Amino acid sequence: QVAPGDAFGAMLEQNRIADDPRSPRQLSPDQPPFTTERVLLTVDGEEITAGDINQLVSYYRSFRPGATDILIRDAVAALIPGRVARARFAVSLVSMDVRIKAAAAQADLGPEDWFKLVERFSDDKEEDAPADGAYVFGREQAVQPFDLLAHTSPKGKLSKPFLTVYGFHVLEVNDYERAERSRDDQSFVRHLLVMYPQLKEWEAAGKDIRAEIKQMVAECKIQIEEAWLRNMVPPKLRSNLVVDRFQSEQ
């Protein structure tokens, strides 16, 4: 899984690298919005913590500075789909975890034929999916936390398995191009995906899995742990807030 929120400091340290134009940029050194780790909200019972938000806000600040409240809201919106999928497909996580760890162990052995690794382990079978798992991503072209890790991970080091709305991934940054504007940076990665079996079934049945995911998100239930967080929930999902102890404050 992605490092929990209390690993924010470790992530900053990980990115204190030489100013190499072929390596990812450092995360923003500015004070994160939350100084104490705590659960801020739950989505279908799955937690989003202060540390989760701090990581994404620090990432956003590194290429598109803006008002902190807006960045927090963007972070919440980016994290919700992954929490919805984790809650909906929880029964599959154990078997998926075994498979992605086996894939990571093989990839971590050293120079490896990624064509064979992708063929053996990866469920990234879209029509235009590369046979060696290699992609080029600009910022915010991928779901979170894939996007964050693709633009902050040390070059040449395989990530630990992490979850997105599609399932478990491992990725490796092979090269990086810094643009004149940090928002235009590009990351060259290769990755393996162990997809949620339910998504694979939908895909095999000809369903548009992105549309199905969008519908799942539209139906989710959100519980906030602090009253002010109402305004940090994306406007289109505020009707999904469950009746809570803050209702009298409206």
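Entry 1. I began with the pairing of strand S3 and strand S6 (residues 186-195), which run antiparallel and are joined by 5 bridges; I keep in mind throughout that the model is a predicted one. Within this pairing, I noted that Val136 stands opposite Phe188 in S6.

Entry 2. Next I looked up the sheet to which these strands belong, and I found an open sheet of 4 strands in the order S3-S6-S5-S4, paired in antiparallel fashion. Its edges are formed by strand S3 (134-138) and strand S4 (162-164), each of which pairs on one side only. I also wrote down that neighbouring strands of this sheet are turned against each other by 50° on average, with direction ignored.

Entry 3. Which helix packs on the sheet? I found that helix H4 (residues 93-107) does so, touching S4, strand S5 (167-177) and S6, and that the direction of H4 makes about 35° with that of S5.

Entry 4. I then turned to a pair of helices, H7 (residues 197-204) and H8 (residues 209-218), which pack at an angle of about 130° with their axes 9 Å apart. Angles from 65 to 115 degrees count as roughly perpendicular and those over 145 as roughly antiparallel, and H7 and H8 are therefore oblique to each other. On the H7 side the contact is made by Leu199, Trp202 and Glu203, and on the H8 side by Ile209, Glu212, Ile213 and Met216. Sorting the residues of this contact of H7 with H8, I recorded 5 nonpolar, no polar and 2 charged.

Methods
Residues are numbered from 1 along each chain as its sequence is written. This is a predicted model: local features need pLDDT of at least 70, side-chain atom pairs count only at pLDDT 80 or more; totals for chains, interfaces and linings use all residues. Side-chain values use heavy atoms; hydrogens and water are left out. Axes are lines fitted to C-alpha atoms, for helices over the stretch in contact, and angles run from 0 to 180 degrees between N-to-C directions. Helices (H or I, at least four residues) and strands (E, at least two) are DSSP runs, numbered from the N terminus. Angles under 35 degrees count as roughly parallel, over 145 as roughly antiparallel, 65 to 115 as roughly perpendicular and the rest as oblique. Contact means heavy atoms within 4.5 Å. Ala, Val, Leu, Ile, Met, Phe, Trp, Tyr, Cys and Pro count as nonpolar, Asp, Glu, Lys and Arg as charged, and the others, Gly among them, as polar. Two strands pair if DSSP finds at least two bridges between them.
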